[in-house]
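Keep the picture open as you read, and find each residue as it comes up.

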Amino acid sequence: GLWGPLTAPSPQDWEQRQEEDTLLIERILLLVRNVLHVPPDPTEEQGVDGDASVHDRVLWALHISGMDDLLKFLASAQVEQQWALHVLEIISLMFRDQSPEELAALGQGPAGAEHGEDSRELETLRQRELAEKRARALQRPSRHSRFGGSYVLQGLKSIGDRDVVFHKGLHNLKSYTHDLGKEPRRVPRHRQAA
């Protein structure tokens, strides 16, 4: 056909497309639009309830011929943007007899019910998992504190007349100096010993 496979044409294909081809494409799109634009005639369409209307049969013929795939390609291909309004018109005419509520309900047939059931089941499992996690958190002993305690070192005086208060663990007591925890004083390079 004119479009070849339903992929974006290369720039060469675009340049090789003749003006007649462009006119033919536009005529085909206008023909499809005009066929879909024909209003329904209730006196002519006196079928059995549930019988496909003429509009539905036209849509089915478009689907069988692959025209719907072609329309999707034209709507999404960057190089075919000039047909965007024609495609938009055709798509709006395809859905003219449908209300948004009906279209949404169509997608939720048996599969939609299954999806609802699955989501309910997932929600139940999630609630159960959260409850188990809370129960485990309550059973777990509290985390060990890093606070090792405070000790008063009798016989060692701090500033003033008070005894030294030591905040580290007792295992650090052997290495206690008054300079513990203080930043070492930096000696400027020119004053360092040779």
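## Start with one leucine

Set aside the neighbours within four places in sequence, and L36 is in contact with H55, V58, L59, L62, I90, L93, M94 and R96. Contact here means heavy atoms within 4.5 Å. L36 sits in helix α2, and with 1% relative accessibility L36 counts as buried. (Buried means under 20% relative accessible area, exposed over 50%, and partly exposed in between, using a 1.4 Å probe and protein chains only.) The C-alpha atoms of L36 and M94 are 6.7 Å from one another, although the two residues are 58 residues apart along the chain.

## Where the model comes from

This is a predicted model, so local features need pLDDT of at least 70 and side-chain atom pairs count only at pLDDT 80 or more, while totals for chains, interfaces and linings use all residues. Residues are numbered from 1 along each chain as its sequence is written, and side-chain values use heavy atoms, with hydrogens and water left out.

## The whole chain

How many helices and strands does the protein chain have? There are seven helices and two strands, and along the sequence they follow the pattern α-α-α-α-α-α-α-β-β. Helices (H or I, at least four residues) and strands (E, at least two) are DSSP runs, numbered from the N terminus.

Of the chain's 194 residues, 16% count as buried. Now take the contacts with a separation of 6 or more: residues 24 or more positions apart account for 47% of them.

## α2 meets α3

Two packed helices are described by the angle between their axes and the distance between the axes. The axes of α2 and α3 come within 10 Å and cross at roughly 155 degrees. Axes are lines fitted to C-alpha atoms, for helices over the stretch in contact, and angles run from 0 to 180 degrees between N-to-C directions. α2 and α3 are therefore roughly antiparallel to each other. (Angles under 35 degrees count as roughly parallel, over 145 as roughly antiparallel, 65 to 115 as roughly perpendicular and the rest as oblique.)

On the α2 side you'll find V32, V35 and L36, which meet H55, V58, L59 and L62 in α3. Sorted by class, the contact of α2 with α3 has six nonpolar, one polar and no charged residues. Ala, Val, Leu, Ile, Met, Phe, Trp, Tyr, Cys and Pro count as nonpolar, Asp, Glu, Lys and Arg as charged, and the others, Gly among them, as polar.

The loop between α2 and α3 holds P42. Is P42 buried or exposed? P42 is exposed, with a relative accessible area of 63%. The C-alpha atoms of P42 and S53 are separated by 9.8 Å, and these two are 11 residues apart along the chain.

## α4 and its neighbours

Next up is α4, where M67, D68, L70, L71, F73 and L74 are buried. These buried residues of α4 pack against α2, α3 and α5.

The axes of α2 and α4 come within 13 Å and cross at roughly 120 degrees, so α2 and α4 are oblique to each other. I28, L29 and V32 of α2 make this contact with M67, L71 and L74 of α4. By class, the contact of α2 with α4 has six nonpolar, no polar and no charged residues.

On to α5: helix α4 (residues 67-76) and helix α5 (residues 84-94) pack at an angle of about 135 degrees, with their axes 10 Å apart. That makes α4 oblique to α5. Here L71, L74 and A75 in α4 meet V87, I90 and M94 in α5. The residues of the contact of α4 with α5 divide into six nonpolar, no polar and no charged.

## The nonpolar core

A nonpolar core is a set of buried Ala, Val, Leu, Ile, Met, Phe, Trp, Tyr and Cys residues joined through side-chain atoms within 4.5 Å. The largest one has 17 residues, and those with the most contacts inside it are L29, L36, M67, L71 and I90. Two or more residues of this core come from each of α2 (19-37), α3 (54-65), α4 and α5. Which element gives the most to this core? That's α4, with five residues.

Not counting residues up to four places away in sequence, I90 touches L29, V32, R33, L36 and L71.
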